[in-house]
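Hello,

Here is the structure we spoke about. My notes follow it.

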Amino acid sequence: MTAVAADYDDDGWPDIYVACDSTMSWLFRNQHDGTFRQVGLERGVAVSEDGFEQAGMGVAVGDYDLDGSLDIFKTHFSDDTHVLYRNDGGGYFDDFTIRAGIGVETRFVGWGAGMVDLDNDGFPDLFLVTGSVYPEVERELPAYPFRTPRLVFRNLGNGRFEELIEEAGPGVAAAHSSRGCAFGDFDNDGDVDVLVMNMNEPPSLLRNDVTGDGHWLKVLLVGVQSNRSAIGARVTVRYGERTQAQEVSAQSSFYSANDRRLHFGLGAETRADLTIRWPSGQIEKISGVEADHLVVVHEGAGVKAKQAFGPAPRRAR
């Protein structure tokens with residue numbers, strides 16, 4: 001249902017993860033010779049912790065536990081848990097769904113998803129959209145409505161998440177039958193907004209009006225020796241005692257593409273150090289980058305532009 005290319009084993013070569021519906025999901029590991037080998041089962045991302053095949057729908061990739069490795073979040077059908085695979089740093093994964101507190105939710109069919117820091121506290125959260133497949137089912141089985149809310153799992157910073165629906169605002173709690181969702185800061189106020197595609201109705205644009213003192217950093221990469229969009233580049237940000245990795249991806253979530261500017265919540269930290277591994281293999285380090293800015297980095301030339309964003313004007317409620 002969804003395929004996301006990223007360097008899951010951190011060897012400098014992009015791999016491909018495929019969420020498969022009602023069968024084992026696939027992880028194609030790059031063999032460095034133009035070929036791939038399917039290693040999903042041996043790497044721990046093919047089935048659930050109990051060994052069951054699941055109805056893979058959407059995929060989010062990020063570093064939820066701040067260990068510098070890319071983890072995987074995959075959405076599934078109702079009456080099953082969405083799954084969180086934790087990367088051990090070498091491209092082998094463990095199912096942390098229950099241990100992370102995500103197994104509390106099994107009511108809705110999940111689709112698009114993101115692993116993004118919604119409150120800028122420095123810990124990436126989980127966001128997903130839901131909606132049933134068949135509208136006629138609700139008439140016979142009211143427990144399976146066609147339109148259902150979006151879900152937020154807030155990262156508590158200790159390896160666990162708490163589920164938020166009404167607490168996350170009316171845009172999350174509103175019932176729709178949604179499929180794709182894309183993430184980016186459309187109003188340039190320093191937080192991540194969400195565009196959601198709904199079935200048989202207009203899309204929803206969810207503006208994030210995060211409050212609090214959390215700082216942030218956005219990074220836009222421009223390839224020179226690499227592809228100009230820097231697809232496949234990895235940015236590792238160190239802020240305080242924390243380290244977070246993200247990659248520039250062409251596609252993720254569910255039939256969606258996110259803002260190419262990588263967004264890092266920094267919490268209380270006001271500066272960060274960047275390490276960029278370009279698709280060409282070049283490594284670039286930039287120290288002491290000031291928070292609350294967008295920095296544009298050209299491959300081999302460092303920061304070429306820096307722009308500070310102000311908060312978006314508030315509308316009367």
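Q54 sits in strand β6 (residues 54-55). Strands (E, at least two residues) are DSSP runs numbered from the N terminus, as are helices (H or I, at least four). The model is predicted: local features need pLDDT of at least 70, side-chain atom pairs count only at pLDDT 80 or more, and totals for chains, interfaces and linings use all residues. Numbering starts from 1 along each chain as its sequence is written, and side-chain values use heavy atoms, with hydrogens and water left out.

**Two glutamines**

Q54 is buried, at 5% relative accessible area. Buried means under 20%, exposed over 50%, partly exposed in between (1.4 Å probe, protein chains only). The Q54 side chain reaches the backbone oxygen of T81 at 3.4 Å. That is a polar contact: a pair of N or O atoms within 3.5 Å, where within protein one must be able to donate a hydrogen and the other to accept it, and residues adjacent in sequence count only if both atoms are side-chain atoms.

Q246 belongs to strand β20 (residues 242-247). Q246 also counts as buried, with 14% relative accessibility. Why is β20 largely enclosed by the rest of the structure? Because 5 of its 6 residues are buried. From Q246 to L262 the distance is 7.3 Å, C-alpha to C-alpha, across 16 residues of sequence.

Strand β19 (residues 234-239) runs antiparallel to β20, and 6 bridges join them. Two strands pair if DSSP finds at least two bridges between them. V235 has Q246 as its bridge partner in β20. The two strands form a hairpin with 2 residues between them. In the turn, G240 has a positive phi of about 65 degrees.

L128 stands opposite L151 in β13.

**Pockets**

Pockets come from a 1 Å grid over the protein atoms alone: each is an open set of points with protein on both sides within 12 Å along at least five of seven lines, and lining residues have an atom within 4 Å of a point. Grid points are joined across faces, edges and corners, and a volume is the space filled by probe spheres set on the points.

The largest pocket holds about 620 Å³. It has 24 lining residues; closest to its centre are A168, G169, V172, N208 and D209. β12, β13, α3 (170-173), β16 (193-198) and β17 (204-206) each give at least two residues to this lining. The largest share, 3 residues, is from α3. By class, the lining has 12 nonpolar, 4 polar and 8 charged residues. Nonpolar covers Ala, Val, Leu, Ile, Met, Phe, Trp, Tyr, Cys and Pro; charged covers Asp, Glu, Lys and Arg; the others, Gly among them, are polar.

The second largest pocket has about 300 Å³. Of its 19 lining residues, W13, P14, I231, G232 and P279 lie nearest the centre. Strand β1 (residues 2-6) supplies the largest share, 4 residues. This lining divides into 11 nonpolar, 5 polar and 3 charged.

Best wishes

Key:
1 Å grid on protein atoms, 1.4 Å probe; cavity = no way out; pocket = protein on both sides within 12 Å on 5 of 7 lines; lining within 4 Å.
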